[in-house]
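Subject: Handing over the structure

Hello,

Here is the structure I promised to pass on to you.

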Amino acid sequence: MTMSTLELLFESLKNTPGLLGISLSTVNNFVRLAAILKTAILLRQVRTWNAAVAPAILPPHILSFIAGRLSLSETTVRALWDSLNQEIWSREGAVLDDGMVPPSTLDALSSKFWLCERMLFPTTQVCTNSQCINPEGLLRWKEEPKKVVLFTMADGVQEGLAVSLHCHKCKTVYFPNYSARDEIRQYYGGVPAFIQVSDHSYVEHHVLEHFAMLSVLSWTSATNAAHIYHESLSKLERSQRNEPRFRLRTEHVWDGFVALALLRDAELHATILQVPHGGIQKNRYTDAMRLRNERIRRSGQPEYAHWCTKCHRRFDQPDGTTKYVDCLITDGISIGRPCCGVAHCTGELRTPRDHWCDAHQEQARWCVIVGCAEERRQDHRTCAHHAAVEDHYDATGKAMFTLRTRLQRAQVSHPTDAVSPDAPIDNDIEVEILDNGATVECPEKPETGIRTARGKFGRNFTHNEQLLVRPCGMIQGRETFFGSETVPQVVDMLKKKHLMPGSMPRIVCYDNNCGLYKWCAAHAYEGEALHLKVGLPVDVFHWTCKHKKSDIECSVHCNPHMFPDIISPDGKTWYFNTSAAEQTNVWFGGYHAIVHEMSADKYDFFLDEMILRKNKLTRAKLEDEDCFPGYNEDLQFATTDVSS
């Protein structure tokens, strides 16, 4: 309501019986407070009440609450409602002004009437269940409102009330964020103002967006985000700072982050988020996370079909047609998560601290020395032959350098809840075998040559993340490599990520393109033809310094001078920024400490979300630079043969 409208209403009230001498600020505060309580007023009417019609009389307890909050008589409140109810009912929502700030905690008045200025209601007041036999009519209060803590951006930590409603026909219960029926929690469409992160805690979505941006720009972990809020945004009194209910916890930040991302994803794809209503909170979103992870793995990021003038080069042909050449760079970064100890096994672990997936649990029977086929001793991890190696490992675990390692871990530049100072230190150790066998007897080792026993005491981790990056910095996708980064894996990744006709880039830059070309040519008899469809230039430094000029792959097939379409007009530099992947890896590597102890589902979800948000920032930057970012729909690619 504009000030001029309020003044007109105020003028009309001056001569109203019961309102003589009332001030403009009092009228303003009444209108705002009554508008905030509009849903509470509506839900106290009969079930058949028309929600578009303002009730003529305020419910008694709401009348008393407004009178007490504004220090007015109930007679005055009735007179104000009689005069202004239509105006109040036409307002979609209201916020408190600076002159009417409620207490941060629920006072005696709120506790008495179960009303306050910060109440969370379901987004609907009628049943929306399509199977309900009688969905018409207002929902009923299921129970008294629940006292909750709200973590806000502007006002810090505040107490409020969360209202739940129910349909007496189909028994669906409606909460502020979602409805629940048959143990299924179905969220409402869109992103709510406050997202529930525990039974009694809600976080404002602006706070969660702030945390997500901190993670993108400064590698902020969930633990550090919670600390930042508590120290700089909570606005708690000294007496409140140590109360557990007023502290935002690490799990609150993570659950809020996941819920926000899933709700944004559902909104983007015009779907409804559904999760289990019962069970353990930490497992609630797992299935929904897996569904999104799998979709992104198969279909790529939303910017999969990205196009801009930095990653596509235009050529106007003499016949009046236009051709384009695009470039994609792939490179690996050594960050990973715990995985099965069997080489290249992609099976999931039950927990990040496990060593083996379900399919390889029998490996726990065997000695951890590499190459040893003996069963381990009871309550030990090595066989009798390698007992000395385990003794050495146990001794190093108690040594001063282990304590130093824990200290360094506690002081890393990006500390996180994922890698705590008390987490196990995973070491592979090597012990030299003396000729007289004094150190360890190793029947598997030859009498000459390498005389070292290697013990695999620690967990296994994925080898690296392979990124697919456009020269403009847009991240098209990623793939987790297990065990090693090999040419066949890169070839397989390129094919799987570009199944759509016309989606394969014209030029692929990879730090081992000559090896990739050689492997493809060697497997041409099996139908491999990637090297005939895609240009595979090597870096100029690689071509000049790394390989002999007699190497036919580097000198001929992958010689950068064989690809004039990617060379700048001056003939001295690349047209495309072929270092984009390495530059992106500098940013991506900052998440190493955060994801190091994550489960597979959490790991994939978090990294995909970081890439998605990073891409949004990159797109905005490209728009500011007039690079005309868009999506490749009917783009026609150049068809010059690159097989020679």
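How many disulfides does a search of the whole structure find? The search finds zero, where a disulfide is a pair of cysteine sulfur atoms within 2.5 Å. Two cysteines show why: the sulfur of Cys-308 has its closest cysteine sulfur in Cys-311, 3.6 Å away and too far for a bond. Likewise, the sulfur of Cys-509 is 3.8 Å from that of Cys-327, its closest cysteine sulfur, which is too far for a bond. Cys-308 is buried, at 0% relative accessible area, and Cys-509 counts as buried at 8% (buried is under 20% relative accessible area, exposed over 50%, partly exposed in between, with a 1.4 Å probe and protein chains only).

Before going on, a word about the model. It is predicted, so local features need pLDDT of at least 70 and side-chain atom pairs count only at pLDDT 80 or more, while totals for chains, interfaces and linings use all residues. Residues are numbered from 1 along each chain as its sequence is written, and side-chain values use heavy atoms, leaving out hydrogens and water.

Now the overall picture. The protein has 20 helices and 22 strands (DSSP runs numbered from the N terminus: helices are H or I with at least four residues, strands E with at least two). Of its 644 residues, 49% are buried.

One part to look at is an open sheet of five strands with mixed pairing, in the order S1-S4-S3-S10-S9; strands pair if DSSP finds at least two bridges between them. Strand S1 (119-120) and strand S9 (194-198) stand at the edges, each with a single partner strand, so one side of each has no neighbour in the sheet. S1 pairs with strand S4 (residues 157-162) in the parallel sense over two bridges, and Leu-120 has Ala-162 in S4 as its bridge partner.

Another is a pair of helices. The axes of H13 (residues 487-496) and H14 (residues 513-522) come within 10 Å and cross at roughly 80° (axes are lines fitted to C-alpha atoms, for helices over the stretch in contact, with angles from 0 to 180 degrees between N-to-C directions). That makes H13 roughly perpendicular to H14, a label for angles of 65 to 115 degrees (under 35 is roughly parallel, over 145 roughly antiparallel, the rest oblique). Val-487, Pro-488, Val-490 and Val-491 in H13 meet Gly-515, Leu-516, Trp-519 and Cys-520 in H14, contact being heavy atoms within 4.5 Å.

Best wishes
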